[in-house]
Amino acid sequence: MSLSATYAPSLVSHHPPSGTSTSASGLLSMLKEPSPSLRKAALRRLLKIVDTQWHEVAQSLPELEALAEADGEDDDDIETRQTSAAVASHVYFHLEEPSQALRLALESGVGIFDTKGLSSNKA
């Protein structure tokens with residue numbers, strides 16, 4: 001049986017609730033905060049809006065990749081690395097850089113991307 005999968009960002013809608021700001025600039029500035037909890041919260045919010053604000057988030061790709069490759073073994077560090085890798089992956093997807101998008105998607109861990117339904121062979 002041959003499975004063929006195409007990379008695509010999660011099929012779940014990442015649109016923010018109506019009435020909220022859709023600018024990523026404030027969230028991107030939070031990535032420079034010394035508090036790990038603030039960075040993690042910013043990354044979670046960025047993941048929700050990256051598909052519509054990827055052009056703004058693209059300016060912070062070096063910082064996102066640095067967070068994705070940072071050392072640390074506790075759960076907060078792992079979640080921060082995986083979420084920043086997922087955000088960066090979405091941006092590279094929109095920039096039409098599939099190899100970078102795939103590399104970071106794989107680094108983002110299980111559960112970030114929805115890969116169900118992407119197979120061309122249905123059981």
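User: Leaving aside its neighbours within four places in sequence, which residues is Lys40 in contact with?

Analyst: Happy to start there. In this predicted model, Lys40 is in contact with Asp76, Glu79 and Thr80. Lys40 itself lies in helix 2, which runs over residues 36-57.

User: Why is Lys40 called buried?

Analyst: The cut-off for buried is under 20% relative accessible area. Lys40 has 12%, so it counts as buried.

User: What makes Glu79 and Lys40 a salt bridge?

Analyst: The test asks for a side-chain nitrogen of Lys or Arg within 4 Å of a carboxyl oxygen of Asp or Glu. For Glu79 and Lys40 the closest N and O atoms are 3.9 Å apart, so the pair meets that limit. The two residues link distant parts of the chain, with Glu79 in helix 4 and Lys40 in helix 2, 39 residues apart.

User: How many salt bridges does the structure hold?

Analyst: There are six. One of them joins Lys32 to Glu63, with the closest N and O atoms 3.6 Å apart. This pair also links distant parts of the chain: Lys32 sits in the loop between helix 1 (25-30) and helix 2, while Glu63 is in helix 3, 31 residues apart.

User: How do you know whether Lys32 is buried or exposed?

Analyst: Exposed needs over 50%. Lys32 has a relative accessible area of 61%, so it is exposed.

User: What makes Arg103 and Glu65 a salt bridge, and which parts does the pair tie together?

Analyst: Their closest N and O atoms are 2.6 Å apart, and the limit is 4 Å, so the pair qualifies. Arg103 lies in helix 5 and Glu65 in helix 3, so the bridge ties together parts that are 38 residues apart in sequence. Glu65 is buried because its relative accessible area is 15%, whereas Arg103, at 26%, counts as partly exposed. Both also belong to a network of salt bridges that links Glu65, Glu69, Arg103 and Glu107.

User: How do you know that the buried residues of helix 3 are on the same side?

Analyst: In helix 3 (residues 61-68), the buried ones are Leu61, Leu64, Glu65, Leu67 and Ala68. They cover an arc of only 160° around the axis, so they are on the same side of helix 3. Among the elements covering them are helix 2, helix 4 (75-94) and helix 5 (98-107).

User: Which residues have the most contacts inside the largest nonpolar core?

Analyst: Leu31, Leu46, Val57, Leu64 and Val87 do, in a core of 23 residues. Helices 1, 2, 3, 4 and 5 each supply at least two of its residues, and helix 2 gives the most, with seven. Not counting residues up to four places away in sequence, Val87 touches Leu43, Leu46, Leu47, Val50, Val57 and Leu64.

User: Where should I be careful with this model, and why?

Analyst: The mean pLDDT of the chain is 80, and 71% of its residues reach 70 or more. Over residues 1-7, however, the pLDDT is below 50. The pLDDT is also below 50 over residues 119-123. Where pLDDT is low, the predicted coordinates should not be read in detail.

Notes: Residues numbered from 1 in each chain as written. Heavy atoms only, no water. pLDDT = per-residue confidence, 0-100. Contact = heavy atoms within 4.5 Å. Helix = DSSP H or I, 4+ residues; strand = E, 2+ residues; numbered from the N terminus. Buried < 20%, exposed > 50% of the residue type's maximum accessible area, 1.4 Å probe, protein only. Arc of directions from axis to C-beta. Core = buried A, V, L, I, M, F, W, Y, C linked by side-chain atoms within 4.5 Å.
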